[in-house]
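Work through the exercises below with the model open. Try each task before reading its solution.

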Amino acid sequence: MQNSRTKEKKACFFRHFLSTLIVISVMFSCPDITLSATKYYYYLHTGSFRIKKDTIKFIEKLQKHGYKVVAKYKKIADQGHWYLVYVGPLSSKKDVNLTIRSLRDKKLAKYIAVHQKRALISSDLMTKKKAVDEKATKAKKSSDPVSTTKMTKLPQRGVGRNMAQGNFALGYRHLYREVATELTKRKRITSDGSSTTVQAVPISDSEKNDFPTLMHMDSLRFRYGLTDYLEIFLEAGGGYKELSTISFVYGGGFQLSLFEVERGVFKGFYSSLSGAYLSGDVEYEFDSSAGNKWNKEAEFKELSVKGELGIIRSWFAVYLGGVFLKYDETTKREQLTGLDPPFLIKQAMCQSLFYKLSY
């Protein structure tokens, strides 16, 4: 019966795992299907200016000819702060070539550099003349963006560590965990082939913590931005210990960015709250202190809530926070060696409840 259940779990896991691999293979082999995942945005860098007034004049000139324009206020190493003007976004290389030819024919740009981006660029500058501050244009030492108003209505990046609205990502995660569980109740099931006996077994203080659960988890995580502030994710993979039987593990959750400060000393400072659910099981063999071999099957359910504060930059994030974790586990152990002659099967079941609060 145990072998039959193990085979069914193996078959179930490999069906899910194989179907996931097939989906990924199709996505990467058919660019039309994965357009949103592999899509690039092209921008043409057409000018660089130190003074805001000159930047606005150049932008209005481009916009007068119908071009979409984005301006970024950026510090260049050893050269100070500059306004970088881009034409875009453009969706294909064909559009890039046509736009370059058009700009050159109209003599709107002295030089053009093509930039390929995975995400849209948001603008740091507005072009309304009534909002121009002449004194601010002369303050070259200021490193703050002059405005967060966008010249074009483009989706902004995700807030905090979130995916931007409508964007998704597929990632791989490997996790090793060692859970120090505590026995709360226990029963023994014995059978001699014709009859089965179930009896409660008392738990001594010395053995309450004798059955920790060890496991590796390999999984694929799918992230999707519902809004710039709210991201959901799904996770599926396998749980195992070393070369033991691989069992199916799945879960999901959300991440909500509460706020983000984009100016001053704390530029890029954010706070978020996330929740996740994970469920699955792990099965492996181990040797007891008495020298007998046991087969252990642990089924677990986990609910976690995490709050974090951090600083984000374009390619990395540093953050800290706290996690509240509720962990439920039901463990079945089947003795494989050292059995008494009259009995064919001996099983012991323990149930554990584990809470953790970390900082």
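**Exercise 1. Give the strand order and the pairing sense of the open sheet of 4 strands, and find which strands stand at the edges.**

Solution. The order is β2-β3-β1-β4, and the pairing is antiparallel. Strands here are DSSP runs of E with at least two residues, helices are runs of H or I with at least four, and both are numbered from the N terminus. Two strands pair if DSSP finds at least two bridges between them. Now the edges: β2 (69-76) and β4 (113-117) each have a single partner strand, so one side of each is left without a neighbour in the sheet. On average, neighbouring strands of this sheet are turned by 35° against each other, direction ignored.

This is a predicted model: local features need pLDDT of at least 70, side-chain atom pairs count only at pLDDT 80 or more, and totals for chains, interfaces and linings use all residues. Residues are numbered from 1 along each chain as its sequence is written, and side-chain values use heavy atoms, leaving out hydrogens and water.

**Exercise 2. Over how many bridges do β1 and β4 pair, and which helices pack on the sheet?**

Solution. Start with β1 (residues 41-49): its antiparallel pairing with β4 runs over 5 bridges. H45 has A113 of β4 as its bridge partner. Next, the helices. Helix α3 (residues 52-64) packs on the sheet and touches β1, β2 and β3 (80-90). Contact means heavy atoms within 4.5 Å. The direction of α3 makes about 10° with that of β3. Axes are lines fitted to C-alpha atoms, for helices over the stretch in contact; angles run from 0 to 180 degrees between N-to-C directions. Helix α4 (residues 93-105) also packs on the sheet, touching β1, β3 and β4. Its direction makes about 30° with that of β1.

**Exercise 3. Which strand supplies the largest share of the nonpolar patch, and is L258 buried, partly exposed or exposed?**

Solution. List the members: L258, F259, V261, L273, V305, L309, L320 and F324 make a nonpolar surface patch of about 680 Å². Nonpolar side chains (Val, Leu, Ile, Met, Phe, Trp, Tyr) are joined within 5 Å. Then assign strands: β10 (247-261), β12 (293-312) and β13 (317-335) each supply at least two residues. The largest share, 3 residues, comes from β10. L258 lies in β10. Its relative accessible area is 48%, so L258 is partly exposed. Buried means under 20%, exposed over 50%, and partly exposed in between (1.4 Å probe, protein chains only).

Terms used
Patch = residues over 30% accessible without salt bridge, like charges linked within 9 Å, V, L, I, M, F, W, Y side chains within 5 Å. Areas by Shrake-Rupley, 256 points an atom, 1.4 Å probe, with all protein chains shown as cover. Salt bridge = Lys/Arg side-chain N within 4 Å of Asp/Glu carboxyl O.
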